[in-house]
Amino acid sequence: MTEADSTLDPVSTGSSTPVEEFEVASLKNPDYVRKFDRVIDDLQDVYSHKIRPLEKAYNFEHFSNSAPLGNDDIAAKPMVLLIGQYSTGKTTFINSLLKKSYPSSHIGVEPTTDRFVAVMDNPTERIIPGNAAAVSSALPFKGLDKFGQAFLSRFQVSQTPSSVLQNFTIVDTPGILSGDKQRNRGYDYTSVIEWFAERADLVLLLFDSHKLDISNELKSAIHALKGHEEKVRVVLNKSDMVNQQQLMRVYGALMWSLGKVVHTPEVMRVYLVSIWLERPPNAFDDCRSLLDNEKKDLLMDLQQLPINAAIRKVNEIVKRARLARVHALIMAHLREQMPSFYGKAAALKQLSDNLPKEFQLVSKKYRLPMGDFPDVEKFREALYGMKFEQFGALNEKLLMASDEALGTDLPELLQRLPHHSTFTGTTAKPEIDSEDESLEEEEGSKKRGLTRQGTRSRYAPVKAERDVTAIVYNIVLFTLILFFATVVGGGIAVKMGWVDGLGPLVELLRP
């Protein structure tokens, strides 16, 4: 038996639940699946009707560099993102999980994976190029077209039949070289990593026991994970290529290197594993029991993804709603500081220069934590070139809708999530509420998929109110223009003798 096979065999620790099949009993329970689908439906409604209007009204997408979520994004399978330097075992890790090679995979000691590859389940093996994948309504990659042709030519979807991929999607990334060898990729690598990290449920940061240095590009990629630290797991691969004493030193060196890059008070979870397709003859066995237990924990972490997917999706929507709400209050505050008639460019520049102070004023006025505020430099960069008309006034209706989503709707969805007794065992039967029973009577025996074009809506859509200040401003401006045009035009007509017998108006205009 090869090491790759032993990787997926049950760990010989007396565990009665095999981990190699990656079967989650909860997902086979019809009641669990039905309840899960209901939550996803309502989550789509809450976002599209109560959070998306707020984002659109205050141009949240432009400032956050985050495209609005579609129904396909919310209903997509969990995603696992692999990041690491070249030859750290990313592709080998995927092949060992699948127990086979996925289409177009290549393994070598040299940098082999030169593109982003999304490995997904499909009855037949095929490769979908990046341009086709970015426009496909059946795939959750529509937002990638903003990175341009240079990136799409380096992105593909590899589909293969696999029971593992029925539960989640795996994204393999290009190996990172040291120094400035890959500065000319043609696309913004860090922004692409940030896009995938925002949508991923788990981010595996792989290191080789002989490659602990963190290059400039890897450092930028790690910084792109800021705000998603709860998703990140560190994997120290090829741990059996050093003996027990050396492994202790390697682990300490890795934690020291990460401590200089990842500025969080929590200690990152590090898995010590060794994943090979063919075990090398010079591998050490003095830490085999430790490595097997660590491998089992890693596989169990992957198994929990489908069950925790709905919780993670609700968490992401809550995070996005909080950021959008703070952004709306910032934009409304900046609009209040702008002059009504002239000097707008100078006032905008002054506000841009004093953004930290303005953020503090907004935080104090609305009692908002500073941790929810955007990065000052990125916000200032997005603010450049904005026009006065693009600053939305305070819209109480939209803010109340977002507050209702954060305070009532989303917590309710969390309460409605089905509960499971164990991650790999039986699933507690969820209770059926009256609403679900009535919907079942209406829908009969219709089957519900995760991706839908039209879903029921129990949340009334919120439309953005018209900006009353802008309307009044336009009326006053039009009145003044009409008045001056009448006076000046009348005066010219009198002087030129074009008008006769206008009565009091002529006498008024005559000098």
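Figure 1. At 1% relative accessibility, D240 counts as buried (buried is under 20% relative accessible area, exposed over 50%, partly exposed in between, with a 1.4 Å probe and protein chains only). The model is predicted: local features need pLDDT of at least 70, side-chain atom pairs count only at pLDDT 80 or more, and totals for chains, interfaces and linings use all residues. Residues are numbered from 1 along each chain as its sequence is written, and side-chain values use heavy atoms, with hydrogens and water left out. D240 sits in the loop between β7 (232-237) and α10 (244-261). Helices (H or I, at least four residues) and strands (E, at least two) are DSSP runs, numbered from the N terminus. The D240 side chain makes a polar contact of 3.2 Å with the side chain of R288. A polar contact is a pair of N or O atoms within 3.5 Å; within protein, one must be able to donate a hydrogen and the other to accept it, and residues adjacent in sequence count only if both atoms are side-chain atoms. Beyond its neighbours within four places in sequence, D240 is in contact with S274, W276, A283, F284, R288 and L291 (contact means heavy atoms within 4.5 Å).

Figure 2. Most residues other than glycine have a negative phi. K238 has a positive phi, near 60 degrees. K238 belongs to the loop between β7 and α10. With a relative accessible area of 13%, K238 is buried. S87 is not a glycine either, and its phi is positive at about 60 degrees. The loop that holds S87 runs between β1 (79-84) and α5 (90-98). S87 is buried, at 18% relative accessible area.

Figure 3. S209 lies between β6 (202-208) and α9 (216-223). Its relative accessibility is 5%, so S209 counts as buried. The side chains of S209 and H210 are joined by a polar contact of 3.4 Å. Not counting residues up to four places away in sequence, S209 touches L236, N237, K238, M241, V242 and V250. S220 is part of helix α9. At 25% relative accessibility, S220 counts as partly exposed. The C-alpha atoms of S220 and V261 are separated by 9.2 Å, with the two residues 41 apart along the chain.

Figure 4. A nonpolar core is a set of buried Ala, Val, Leu, Ile, Met, Phe, Trp, Tyr and Cys residues joined through side-chain atoms within 4.5 Å. The largest core has 51 residues, of which I83, F141, F151, F155 and F196 touch the most other members. Helix α8 (residues 189-199) supplies the largest share of this core, 6 residues. F141 touches M79, A118, M120, A133, A134, F155, V157, W195 and F196, leaving out residues up to four places away in sequence. Another core, of 26 residues, lies apart from the largest one; A324, M338, L351 and L368 are among its members.

**Figure 5. Helix α14 and its buried face.** Helix α14 covers residues 355-366; at 1.5 Å a residue, its 12 residues should span 16 Å, and its end C-alpha atoms are 16 Å apart, which agrees. The expected span is 1.5 Å times one less than the number of residues. L355, E358, F359, V362 and S363 are buried in α14. Seen down the axis, these buried residues fall within an arc of 140 degrees, so they line one face of the helix. The arc is that of the directions from the helix axis to the C-beta atoms. The face turned away from the buried side carries exposed K357, Q360 and K364. Cover for the buried residues of α14 includes α12 (305-337), α13 (344-353) and α15 (376-383). Just after α14, R367 takes a positive phi of about 55 degrees.

**Figure 6. Helix α13, with buried and exposed faces.** Buried residues in α13 are K344, A347, L348, L351 and S352. They cover an arc of only 140 degrees around the axis, which puts them on the same side of α13. Exposed A345, A346, K349 and Q350 are carried on the face turned away from that buried side.
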